[in-house]
Amino acid sequence: MNLPILSCILLCPTVALALILITPSYRINIIRLLALAASLASLILSTVLMGLFDPQDTAMQFTERLAWLPDMGINYTIGVDGLSVTFVLLAAIVLFCGIICSWAVGFRVKSFFVCLMCLATGIFGVFVSLDLFLFLSFYGIAVLPMYLLTVLWGSERKEYAGMKLVLYLLTGSALLTVGCLILYALPDSGTFDLLHIKDSLSFDRSFQDRIYPLFCLGFIILSACFPFHSWAPDGHAAAPPAAGMLHAGVLTKLGAYGIIRIGIFLFPQGAADWAGVTATLALAGILYGAAMAVRQRDLGLMIGFLNISAMGFVLLGISALNELGLNGALFQMFSHGIVAALLFACIGHLYNQCRTRNIDELGGLSSRVPALCVLFVIAGLAGLCLPGLSGFPAMLFVFWGAVNFHPFIGIAALGSLAVTAYCLFTALQRIFCGPLNPRFSELRDLPPWQFFPRAVLIAALLLFGIFPGVFINWIQPSVRSLLSS
Amino acid sequence: MIESFLLFPEILISVSIGCLLALCLCPDHVRNRYTVPVAAGFSFAAACAALATADVGTQVLFGKTLQVDGMSQILKSVVLTGLGLISCFWKWPSTERKAEIFFFMNTAVLGMALLCGATDALLLYVSLQLTVFSTAILIAISGPDRAADAGLKLMIFGIAAGAVMLYGLSLLIGLCQTTSLSGMAARITGFWNEPAALLGIFLFAAPLFAMLSLWPFHAWTPDVYSGSRTGVAAFIATAFTASALAVLIRFFTWFGVPDSLMPVLATLAVISMTAGNAAALHQRNVKRLMACLGIAQTGYLFVAFTSGSRDALTAGFFFTGTLILSTLVIFLVFMRLENERKNDNLQADDLDGLSERAPFLSFILLLGLLSFAGVPPLAGFTAKWLLFTAAVKEQHLWLVFYAAFQSLVTLFCCLRLVKHAYLYPAGNKNPFAISFVCRIVFSGLLLLILGLGIYPLPFFDLARF
């Protein structure tokens with residue numbers, strides 16, 4: 001099959017973006033339908049991609065190469081392996097659900113969907129890029145729309161949150177830019193092609209020990225890990241539903257993906273030498289995120305801090321540098337991406353109805369919005385890694401891998417789940433149980449068609465929770481190949 | 001015959017100057033009717049002529065005093081296109097001395113065109129003086145009351161710059177016994193240890209650094225920008241940069257960068273980035289803001305000069321091209337706003353609600369600012385990437401590291417304007433119409449910004465000299 005499927009996935013939101021741009025702004029329904037069609041096409045193509053993907057082949061698949069600026073070592077090189085293919089699917093699922101959840105956006109609809117399509121292009125691009133220039137370009141393409149989405153369609157403290165988000169993310173990007181330029185300037189390099197760098201250059205241990213922290217730091221900032229996390233809770237809380245879903249669900253995963261795709265892939269020895277430091281940071285992030293979440297009265301901020309804790313688990317799995325840990329980290333990234341998207345989809349609806357996210361002001365909502373209550377409970381349980389949902393096997397692998405790496409860190413990290421459980425159950429109890437605040441007596445529950453995208457997310461959680469082997473089969477050969485190198 | 005063909009842009013500018021001079025003597029209704037078509041028509045024609053002769057290779061004319069090559073012709077076409085667009089967008093105030101304004105703008109452009117190709121010290125000096133003095137008079141006669149101060153400031157700067165350059169040239173001519181720049185470059189290698197040679201080179205280059213607003217020669221820039229009409233500020237921001245760059249690239253290609261000057265250039269680049277960005281953080285006046293950011297951009301450009309390699313200079317040339325494009329787009333939007341508001345002293349607050357009143361214009365401004373700040377996939381990003389790549393190859397890692405972080409401050413300042421245009425509500429809710437021609441022009445510029453960012457190869461090849 002000669003269809004350049006990855007380019008087609010990339011082109012779906014790009015073409016939709018161009019079409020939306022030339023559509024008159026008063027044609028709101030056409031704009032929405034164009035965005036939905038693009039996201040549906042991306043989802044279908046991503047599903048086809050998963051079907052065609054051969055997990056046993058650890059080399060890059062569906063590669064496409066086009067000379068771009070050959071003299072400067074820049075080429076349009078894209079491809080996927082087991083490490084990246086699942087995230088293309090994740091991004092497509094979250095984008096599709098996010099667009100349906102944003103159907104009610106009525107303010108500057110055209111600009112909103114232009115930004116969303118641009119964000120989607122950037123996200124897909126990062127996951128399929130095999131050229132460092134391309135990787136960073138797509139990352140930049142994803143970050144700026146996120147800023148506009150936050151400041152224009154966001155909620156409380158959106159201006160502050162948007163600027164903080166963009167400055168943090170681009171600081172990480174600047175570090176990565178410098179790292180990529182260093183690789184380019186090495187003798188015998190002269191290219192930004194990731195596979196070419198891996199195959200043709202051998203880095204000695206001292207070089208790896210110096211360059212790995214630069215990349216790792218850049219990616220840690222992007223993935224909102226402690227101590228460079230402070231942009232994330234504000235950004236997540238302020239963003240509109242679809243942007244929050246893509247942001248918390250996918251954008252933060254780009255950083256963790258980068259550590260694996262570039263950091264460990266190119267500098268395995270550096271990663272091993274710095275594993276103790278990154279695992280300690282991961283543990284600090286897990287505990288700090290959970291502890292800070294307890295103190296929050298704003299539901300968005302609380303989920304934002306729990307995300308930091310979850311990203312800590314991802315970093316812990318990566319730091320373990322063993323098969324279980326990396327499998328767990330990749331599984332947790334996917335699973336948490338779905339959970340975060342579901343939580344922010346629910347928070348978005350709640351905020352649109354109540355115009356507040358303050359837990360103390362809410363109460364007794366289960367009588368008015370029972371469907372939303374059920375969705376919140378399922379998302380909360382998935383966040384707590386309940387067996388039967390995808391978070392459980394993911395966390396089990398991470399924990400197992402972390403204990404193999406360092407028993408104390410693994411066990412200490414697991415303790416944070418108790419705090420997370422307290423946090424989530426307290427919040428759910430206050431929001432949905434007890435007497436109803438009279439202010440919210442006119443609340444409307446989710447319409448049935450708005451239930452659909454959330455149901456898709458829940459289906460994904462259940463599917464990979466009940467059949468974790470499906471996911472593990474996709475990623476395991478590539479993980480083994482990565483570790484054997 | 002060949003010389004006339006190669007000099008067609010300069011000849012067309014001279015004819016335009018003659019026509020505009022004649023228009024100055026005509027009654028008001030004739031001046032008002034014909035000034036813009038004459039100025040814009042000749043500018044675009046000269047730009048096309050310059051572009052058509054861009055691939056003639058290197059031709060030396062008039063006893064090695066003037067060189068016509070790809071670089072000089074491209075920069076001339078950029079300056080002339082900018083002049084043509086500025087002429088077309090100059091709508092307000094309509095009754096002022098338009099013919100005189102465009103007359104001096106054209107004389108300044110003639111000076112710049114000669115500056116782009118000058119290979120003789122004396123022609124270079126005369127061209128610089130023609131450029132600076134014409135621009136100073138242009139500022140003074142075109143603007144409001146405060147423009148006289150700005151014009152005087154530029155005039156004083158021009159006199160000082162001329163004196164400094166003349167002193168530097170006298171040292172170099174004395175050492176090398178020639179007024180030809182290429183001849184100087186060939187003979188100066190034996191004098192690199194002489195303080196007179198280093199001083200001569202520094203004094204020769206200092207006025208050109210000042211034209212590019214490099215710290216510490218930048219002091220004129222914010223005052224002159226804010227004191228001028230927006231159209232004139234746009235002209236200075238684009239044309240000064242292009243012509244000074246042409247001379248400096250020629251200079252660095254022929255002379256090379258002595259090792260002893262590299263730390264000096266690197267330090268000036270770092271301070272320029274820092275000072276420009278730091279000053280921009282506090283600006284409310286959009287022209288002052290652009291002036292300060294221009295100082296920072298010169299700092300990024302000097303990363304290329306510090307590296308000194310041919311690749312770095314090519315990247316610097318490409319970077320300047322994209323910078324001029326982004327700056328032109330931003331200033332054309334400001335001019336359109338100025339026409340609408342009848343206010344030539346635009347503040348950031350004047351952009352409030354632009355996205356509601358003129359969504360197309362605000363989108364153009366957004367992309368112009370993002371390209372200016374170096375955000376992918378726009379022209380500014382690719383240019384900056386190529387610039388940094390060339391510098392890293394020359395082992396200037398720390399400089400690139402610093403420039404990458406300063407780029408964030410530039411972006412922060414640009415996003416402040418974006419916030420005003422997109423986030424804050426407008427005081428005046430009336431939409432203002434944008435003509436079809438204006439849309440076409442802006443769409444063309446937008447495609448160019450995207451094209452240079454996404455597929456820069458043909459343009460980058462054009463930038464090789």
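A salt bridge is a side-chain nitrogen of Lys or Arg within 4 Å of a carboxyl oxygen of Asp or Glu. The views below come from a predicted model, in which 21 salt bridges are counted over all chains.

**View 1. Salt bridge between E10(B) and K76(B).** The two side chains meet at 2.7 Å, N to O. E10(B) belongs to helix 2 (residues 8-24) of chain B and K76(B) to helix 4 (residues 70-89) of chain B, so the contact ties together parts that lie 66 residues apart in sequence. Both E10(B) and K76(B) are buried.

**View 2. Salt bridge between E340(B) and R357(B).** The N to O distance for this pair of side chains is 2.6 Å. Distant parts of the chain are linked here: E340(B) sits in helix 14 (residues 310-341) of chain B and R357(B) in helix 15 (residues 354-357) of chain B, 17 residues apart. E340(B) counts as partly exposed because its relative accessibility is 23%, whereas R357(B), at 7%, counts as buried.

**View 3. Network of R157(A), K164(A) and D234(A).** Salt bridges with shared partners join R157(A), K164(A) and D234(A) into one network.

**View 4. Salt bridge between R430(A) and D360(A).** The side chains meet at 3.2 Å, N to O. R430(A) is in helix 17 (residues 407-432) of chain A, while D360(A) is in the loop between helix 14 (323-354) and helix 15 (370-383) of chain A, so the pair ties together parts 70 residues apart in sequence. R430(A) is partly exposed, with a relative accessible area of 37%, and D360(A) is partly exposed, with 48%.

Technical notes:
Residues are numbered from 1 along each chain as its sequence is written. Chains are lettered from A and ligands numbered from 1 in the order in which they are written. This is a predicted model: local features need pLDDT of at least 70, side-chain atom pairs count only at pLDDT 80 or more; totals for chains, interfaces and linings use all residues. Side-chain values use heavy atoms; hydrogens and water are left out. Helices (H or I, at least four residues) and strands (E, at least two) are DSSP runs, numbered from the N terminus. Buried means under 20% relative accessible area, exposed over 50%, partly exposed in between (1.4 Å probe, protein chains only).
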